[in-house]
Amino acid sequence: MCGIVGLHLRNPALYPRLGELLTGMLCEMSNRGSDSAGVAVYGDPGWTPPGRGCVSLLEVDGDTESISAAVSSVLGAPVQVTVLGDTHLLTADVDSAALLAAAKTAHPDALVAGFGADLAVLKGVGDPATLTRSWGLAGAQGWQGVGHTRMATESAVTPSGAHPYAVGPEQCLVHNGSFANHATIRRELRAAGVQFDSENDTEVGARFVAARLAEGRDVETALKDLCATFDGFYTLLVSNRDSFAVVRDAIACKPAVIAETADWVAMGSEYRALSGLPGVEHAAIWEPEPEVVYAWTR
Amino acid sequence: MDAVTEVTTFDLRTDSLRDVNAALHAPGLEGEFVIAHPAGAHNVAVGIDAPVKLTVEGHVGYYAAGMNQQAEVTIDGNAGTGVAENMMSGTVWVKGNASQSAGATAHGGLLVIEGNAAARCGISMKGVDIVVGGDVGHMSAFMAQAGRLVIRGDTGDALGDSVYEARIYLRGTAASLGADCVAKPMRPEHHEELGRLLKAAGFEHDDTGDYTRYGSARNLYHFHVDHAGSY
């Protein structure tokens, strides 16, 4: 199964409630998969202060002082480290690419959960409700968030197997389903120089989309390329700093519901994930058609 | 003086779904019931076997009113996957839209969806009548064995793929027909049958002459020994 949720806020008056609303959506999807969970939050001013470079790391050894000292030393600028559950969130007054390079040099064995301005990616193994409490997600703010509850099928239950996959700058992908030909596509991407963190099928999709976006394609074209290249079952939610897109495979057996009001656009595996959103009783609610890319931009 | 019918109301914010469904399975049940605040819950009102009237006030999740017998169930909202799956008799009436596999494998009764139904509407239907006010998604009436599927709008790809003896009445356009599904002439008995179904679903003003009947070409029924190498 797996559950996916996403919330793209249009009304800034709701930004302070992003974490609270996302927590409710994610926890409602817990019984679609509760071995791991993850979220991406765009725009929390405390976690990811505006203008600073941001990198989220997992499986990094050491306390906050030693991690900060090691990355600061490579970077030549002070690095702030925030611990959110199993995730170490690093920020500095440099761009995210420079901070990421310094973090990889200082901690070559760490797992990069995500990077990019305004983006915090938090994930871990365990029950989604417990994880959201460990992150303090309910208190987070921002303009956009996505989340995933995992029932593992294609790779091990580890932090590297948890979604979201945030492998390009400010990008994030969550997936319900399974890709059948991911091993072939991973070999092709590896041959082209792309590095992987896991044997997970979704990571292949995320790296495929990131490679297309890096070549200058827009998200709609990248997702249509994905539909043409990948075999298997999928409902995907792909976010960027300013955008939010949904696509399903041609068979469309993996569920998806979209709801839209003047204040927000939301997507969930099931309607019940959206049932607590303010004004949902007046929302336009529909199921995305197979192989049609739905995208919204701030 | 008219008899006053007592309405029993359940509220899924406070009553557990298991308790509500158990109450609706009580022997000899009759009367009118309301389920408030379903909030997309799964399995609402499954397995009723009593001549009751039930209104669900809001959107429901998967398999709502599944296996229904005798009851008249109204869902005043949208329905998730598999609404009225395996219904045997009675009526399930969805005021909004329905997700995939509406009426799957249902043997009898009437399923009305006032809005659109998604993919695989009426998949493997075995005798149910389904009337959809709007469009249906791809692979609708896949392997449909018996019963009637009426679609007032258009359909997605592969309508009626591998259909057996179910009859499909379509007012709009099929994006494509599935294997062995063909258009067939509307004879007087088909106009009469379709008119009855439309009336039962509250669409009695439709002109049955606007509809096309689809069904099985019956080419998949038989094993062709000459083609044995292809199987």
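**Figure 1. Domain division of chain A.** In this predicted model, chain A is divided into domain 1 (3-41 + 127-297) and domain 2 (49-117), with bounds that come from an automatic or database domain assignment. Local features need pLDDT of at least 70 and side-chain atom pairs count only at pLDDT 80 or more, whereas totals for chains, interfaces and linings use all residues. Residues are numbered from 1 along each chain as its sequence is written, while chains are lettered from A and ligands numbered from 1 in the order in which they are written. The centres of domain 1 of chain A and domain 2 of chain A, taken over C-alpha atoms, are separated by 24 Å.

**Figure 2. Contact between the two domains of chain A.** Domain 1 of chain A and domain 2 of chain A each bring 13 residues to the contact; two residues are in contact if their C-beta atoms, placed from the backbone, lie within 7 Å. On the side of domain 1 of chain A that touches domain 2 of chain A, helix H4 (residues 128-135) of chain A gives the most, with three residues. Helices (H or I, at least four residues) and strands (E, at least two) are DSSP runs, numbered from the N terminus. This side of domain 1 of chain A holds seven nonpolar, three polar and three charged residues. Ala, Val, Leu, Ile, Met, Phe, Trp, Tyr, Cys and Pro count as nonpolar, Asp, Glu, Lys and Arg as charged, and the others, Gly among them, as polar.

**Figure 3. Crossing of helices H6 and H7 of chain A.** The axes of helix H6 (residues 201-214) of chain A and helix H7 (residues 219-229) of chain A come within 9 Å and cross at roughly 135°. Axes are lines fitted to C-alpha atoms, for helices over the stretch in contact, and angles run from 0 to 180 degrees between N-to-C directions. H6(A) and H7(A) are therefore oblique to each other; angles under 35 degrees count as roughly parallel, over 145 as roughly antiparallel, 65 to 115 as roughly perpendicular and the rest as oblique. Residues of H6(A) in the contact include A:Phe208 and A:Arg212, and those of H7(A) include A:Leu223 and A:Asp225. By class, this contact of H6(A) with H7(A) has seven nonpolar, two polar and two charged residues.

**Figure 4. Contact between chain B and chain A.** Twelve residues from chain B and nine residues from chain A make up the contact. The side of chain B that touches chain A comprises four nonpolar, eight polar and no charged residues.

**Figure 5. Elements and extent of chain B.** Chain B contains two helices and eleven strands. Along its principal axes, the C-alpha trace of chain B spans about 65 × 40 × 30 Å.

Methods. A crossing is left-handed if the near helix is turned anticlockwise from the far one by less than a right angle, and right-handed if clockwise.
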